[in-house]
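Here are some short notes to read beside the structure. Please keep the view open as you go through the points.

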Amino acid sequence: MVNAPVPAAVLASARERLMDPGGLSPTLDPGGLWPTLDDAPIPPVIVRSWRRCADRGLRADRPAHQDPLSRADLAALRERHNTLMRLATPELDTLHQAMRDLGGMVLLTNDRGLILDARGEGGFVRRARRVSLQPGAGWGEDDEGTNAVGTALAERTLIQVRGPEHYLTDNAFLICTAMPVMDPYGTLAGVIDLSGDMRQWPSTTQGPDARALASLAVAHLEHRWAVQAAAGHELLVRLHAHPGWLGTPQEGLLAVDGGVIRAASPAALAMLGLGAEAIGDTRLDEVLDGALAPGEGVLRPRDGGRPLHARVTAPARGRPLKRPPVRRPARTPTPAAAPQTMGRDGILWDATTRPLLDRAILALNAGIPILLQGETGTGKEVFVRAAHAAGARAQAPLVAVNCAAIPEGLLESELFGYEDGAFTGARRGGHRGQIRQADGGLLFLDEIGDMPPALQARLLRVLQDGEVTPVGGRPVKVDFRLVAATHRDLAAAVAAGTFRADLYYRLKHLVVTLPPLRQRPLDSIIDALMTTFGAGDRGIRLAPAARDRLRRHDWPGNLRELANLLRTLVALSPTGTLIAPADLPAELEEPLAGTAVLGGGEGQAVHPTSSLKAREEDAIRQALARHRGNVSAAARELGVHRCTLHRRLAEQARSL
Ligand SMILES: Nc1ncnc2c1ncn2[C@@H]1O[C@H](COP(=O)(O)OP(=O)(O)OP(=O)(O)O)[C@@H](O)[C@H]1O
């Protein structure tokens, strides 16, 4: 992949125009040579990546700096990727030596672009830290826009991103080269990246070519990984078109049991013209003609390709690597791939929710309150936490109050605080109240539709006056951002007179509605969640019939219900399991039974018939009985939030 250098001004201007609905303006090029972005002298791989970033609503002026993972989280992440880290050590050491004179860095990331290891020293490292090129930071395209790591992961190929080809302006001083690493089971494992300062980087005629260095290093690493993976299998097959190359890192490697390919290096797959999906159950004699026995010989590809020299041995005895064969996509470009993206912490955003999140961040930064709507389990709290973490006040507190979970009598003092001795039983020294605790930060009022009318009036005053009056005390100035969430139809509540119209309009500056799961792309969400819960690492897959059953369910508990189900399935399945319909909970059999009717609150058109209501009551009763009245445990089993269950119980009690 050769990316011809393009003048920086052309790149910057082209990227800005990408955000215009009209596309690339002809005035970009005085000669009128580049009427559209595709005509501009910009590598297509970069243009594709810019488009992905623009489609996600990513702004080029977004700061590149991010908070890396905490030490503990980074340690846990490294532990999860210990095979990759251990196997990559010799390459990282060698590349570090090679990069020393260039003043650059070498990085190893996981398959989502999270930096596991970074080596380098000197001035560049200090500069790199300012844009979070350091362990525990995420360099997926979601995090940092077009960059070598993220774009190599998205395109699954060697990428070099030079200076202003980077999407974020902050990263325009970098030149980075990244090569994806595939494990011997055909799964994308991570990336090796070489990064330096664009102005100090020698041209390829003066110094080593970073692309050659990165691809050689990855070839060595993948070769070593395949040798290790072969341990414990019946046969190790080494392949190359030239006999002299057998035994070198350029050869292809296959681990074979009973004639079936169990593991393969990417080089071997390329020689045989196979995709990664061939690993696991393809018989070698389907693709190669010739006897497969210990010794050396020539094997002929059945498609008429070039004969391959083969050296077949019984591999070294030893502990096989933990990972079983998994079918995975090969390292081929997937331009339209991955509408679903996973953030650094396993949080999922897609073409519908990402723009909502970006708008919410802008609104919060501008001090505009947000009214967040969505059925139970659609991810309202997750959304608020993500918006806060990415906003200008991320360092300040996020204070979350669930208005439905706090008994009415306590909510006032909990929210507004009280002075010492304000009432009998008040805590000594008083209580600041949650609103004051959110001063400088973000107040998240969940289930605002459940706030009693008297408190609605008090909250309105706080919003109007910018000050809060604790019970028994004097007004105190407060400055906080506000997100109010509800699963109810607040407009209907206003019409019914249960919610104050003036407060409603005060809250309603920006209304964000998170879609229910049944309106979202279920398949890609399932795949993304399975990956988060480690299914890929442990070779756990869903059988097509099980997936079908998931598709037929209507997910009243939304993402919470799906995430709980998949988390449990993956945790309880032994390594290498193919999850069958029989492994799924019985209630998925029949979409309208048991938990399937839970979750629809007022204002939601979910299963309105009384027989369904009776089934819901039944499901609740049985779950509570199984957990001896423990509401949290019953809620967990039913796949709904504890507060939802409390609410349901209160509703049932009222209707008795
Ligand atoms: N964007 C997301 N990515 C991954 N998982 C998510 C996401 N949003 C929600 N979830 C899953 O769903 C669960 C419930 O999310 P959350 O508590 O934010 O929902 P909610 O809409 O606030 O629900 P409720 O109205 O019942 O309080 C989370 O704990 C997580 O497992």
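1. Start with helix α4 (residues 82–100) and helix α8 (residues 210–230) in this predicted model. Their axes come within 9 Å and cross at roughly 160°. Because angles over 145 degrees count as roughly antiparallel, α4 is roughly antiparallel to α8. The crossing is right-handed.

2. Which residues of α4 and α8 meet? From α4 come L87, A88, E91, T94, L95 and A98. From α8 come L213, A217, H220, L221, R224 and W225. The residues of this contact divide into 8 nonpolar, 2 polar and 2 charged. As background, an α-helix has 3.6 residues a turn, so residues three or four places apart point the same way.

3. Turn to helix α7 (residues 148–155). 8 of its 8 residues are buried, so α7 is largely enclosed by the rest of the structure. The buried residues are A148, V149, G150, T151, A152, L153, A154 and E155.

4. What covers the buried residues of α7? The cover includes helices α2 (44–55) and α6 (141–144). It also includes strands β1 (105–110), β3 (159–162), β4 (174–182) and β5 (188–197). Just after α7, R156 takes a positive phi of about 55°.

5. Is D289 buried or exposed? D289 sits in strand β9 (residues 288–289). It counts as exposed, because it has 11 C-beta neighbours inside 10 Å, and 12 or fewer is the cut-off for exposed.

6. D289 still has contacts. Leaving out residues up to four places away in sequence, D289 touches L299, R300 and R302. D289 and G304 are 15 residues apart in sequence, and their C-alpha atoms are 9.9 Å apart in space.

Terms used: Residues numbered from 1 in each chain as written. Predicted model: local features only at pLDDT ≥ 70, side-chain atom pairs only at ≥ 80, totals over all residues. Axes fitted to C-alpha atoms, helices over the stretch in contact; angles between N-to-C directions. Helix = DSSP H or I, 4+ residues; strand = E, 2+ residues; numbered from the N terminus. Parallel < 35°, antiparallel > 145°, perpendicular 65-115°, else oblique. Left-handed = near helix turned anticlockwise from the far one by under 90°. Contact = placed C-beta atoms within 7 Å. Nonpolar A, V, L, I, M, F, W, Y, C, P; charged D, E, K, R; others polar. Buried ≥ 20, exposed ≤ 12 C-beta atoms within 10 Å, placed from the backbone.
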